[in-house]
Amino acid sequence: MTRECILDIDNLSVVYETDTETVAAVNGISLRLCRGKTLGIVGETGAGKTTTALSILRLLPERTGKIVSGKIEFAGEDLLAKTPADMRAIRGGRISMIFQDPMTSLNPVHTVERQILEVLEIHSENRSKAQISKRVDEILELVGIPPDRKKEYPHQFSGGMKQRVVIAIALACNPELLIADEPTTALDVTIQLQILALMAELKEKLETSMLMITHDLGVVAATCDTVAVMYAGEIIESGTASDIFEGKEHHPYTKGLFASIPKLKGDEKRLNPIAGLMPDPTNLPSGCKFHPRCADCMEICKEVLPENIDRNGHVIRCHLYDKSDKRSYFHACMKNNDFGSP
């Protein structure tokens, strides 16, 4: 029995247009998230992760951001066909987002109570003022903040406590989908662990689906059921967390991400970063977008965009695993010293 799909993104492309240039931020990505599960999108800064999240909520900059193709379905409803009024009802109510910097996500001139009340007043039309006020206390307790601090202002909270407030605002209306955009980036390691544990606990308690956006593979390993690796606006590898962290075959970019993680054991004295930089989104390379940085680059990689190769749900977008192209397959076999059947 398959779980119901709560979020279905198909062939989504997004650009930012100005008078002088066009930025190809997201290029034909497809994602599926099952109800009650967590999908992690991982990749370097500039990969298109946050643009994907803003597209779901229809929060792209009005004058420059444009969805040029694809569909986004939430619980079977086409979000791209919704009116602005419909989207205002969905945002904060059915879909909520935790932004990456709690320092700038909160209004410094309003109390914590006022900022939670605002969400509840918009999305809880049938509740009395007393019920809404009680809900504020409940949600603060849920995230580990004493309700007697609700009259305080953001500057009176530490970074970790500010992030708890942001989570409280996001969860106030028990959303069906929670989008977490690098929710622990601005926090120290100890507080990161506390926030991740809190989010996992609340997700189970409230039966919320979650889209986790991060560049930290440790966060992905700790929180996600399925993973999509994003590069230059494309999904270049996806699968279960087990496929990504325990599988034998990976896209060269994914291998590079793992190789750049410091090892707790061993005598390595230097990190092994991926050579080069993310390509300019206003002038993306032809063929595979990763080929200028790839140690396994072949001539076909420079010319032809690779197809998605599906290995029982573990999808890799790379010519190395395409058996239909004899040059690619021979290259992969030579590298892995494996000429047997997959």
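Mentor: Happy to! A crossing is called left-handed if the near helix is turned anticlockwise from the far one by less than a right angle, and right-handed if clockwise. The model is predicted, so local features need pLDDT of at least 70 and side-chain atom pairs count only at pLDDT 80 or more, while totals for chains, interfaces and linings use all residues. Residues are numbered from 1 along each chain as its sequence is written, and side-chain values use heavy atoms, without hydrogens or water.

Our crossing is that of H4 and H5, and it is right-handed. From H4, Val-112, Glu-113, Ile-116, Leu-117, Leu-120 and Glu-121 meet Ile-132, Ser-133, Arg-135, Val-136, Ile-139 and Leu-140 of H5, where contact means heavy atoms within 4.5 Å. Sorted by class, this contact holds eight nonpolar, one polar and three charged residues (nonpolar: Ala, Val, Leu, Ile, Met, Phe, Trp, Tyr, Cys and Pro; charged: Asp, Glu, Lys and Arg; polar: the others, Gly among them).

From there, let's turn to the aromatic rings. The whole structure has four aromatic pairs; rings of Phe, Tyr and Trp (its six-membered ring) pair if their centres lie within 6.5 Å, and planes under 30 degrees apart count as stacked, over 60 as edge-to-face and the rest as tilted. One of the pairs joins Tyr-231 and Phe-290 edge-to-face, at 5.2 Å centre to centre and 90 degrees between the planes. It ties together distant parts of the chain, 59 residues apart: Tyr-231 sits in strand S9, and Phe-290 in the loop between H10 and helix H11 (299-303). Tyr-231 is buried at a relative accessible area of 1%, and Phe-290 is buried at 4% (buried means under 20% relative accessible area, exposed over 50%, partly exposed in between, with a 1.4 Å probe and protein chains only). Phe-290 also pairs with Tyr-253: the centres are 5.4 Å apart and the planes at 65 degrees, so this pair is edge-to-face too. Here the partners are 37 residues apart, with Tyr-253 in helix H10. Together, ring pairs link Tyr-231, Tyr-253 and Phe-290 into a cluster.

Tyr-253 leads us into helix H10 (residues 252-259), whose buried residues are Pro-252, Tyr-253, Thr-254, Gly-256 and Leu-257. Their cover includes helix H8 (217-223), strand S9 (226-231) and strand S10 (234-240). In the loop between S9 and S10 you will find Ala-232, with a positive phi near 50 degrees. Ala-232 is buried, at 5% relative accessible area. Glu-207 likewise has a positive phi, near 55 degrees, but Glu-207 is exposed at 67% relative accessibility. Its place is the loop between helix H7 (189-206) and strand S8 (209-214).

One last stop is strand S6 (residues 95-98), covered on both faces: Ile-95 and Met-97 on one side, Ser-96 and Ile-98 on the other, are all buried. S6 pairs with strand S7 (residues 177-181) in the parallel sense over four bridges, where pairing takes at least two bridges found by DSSP. Among these bridges, Ile-98 has Ala-180 in S7 as its partner.

How values were computed:
Helix = DSSP H or I, 4+ residues; strand = E, 2+ residues; numbered from the N terminus.
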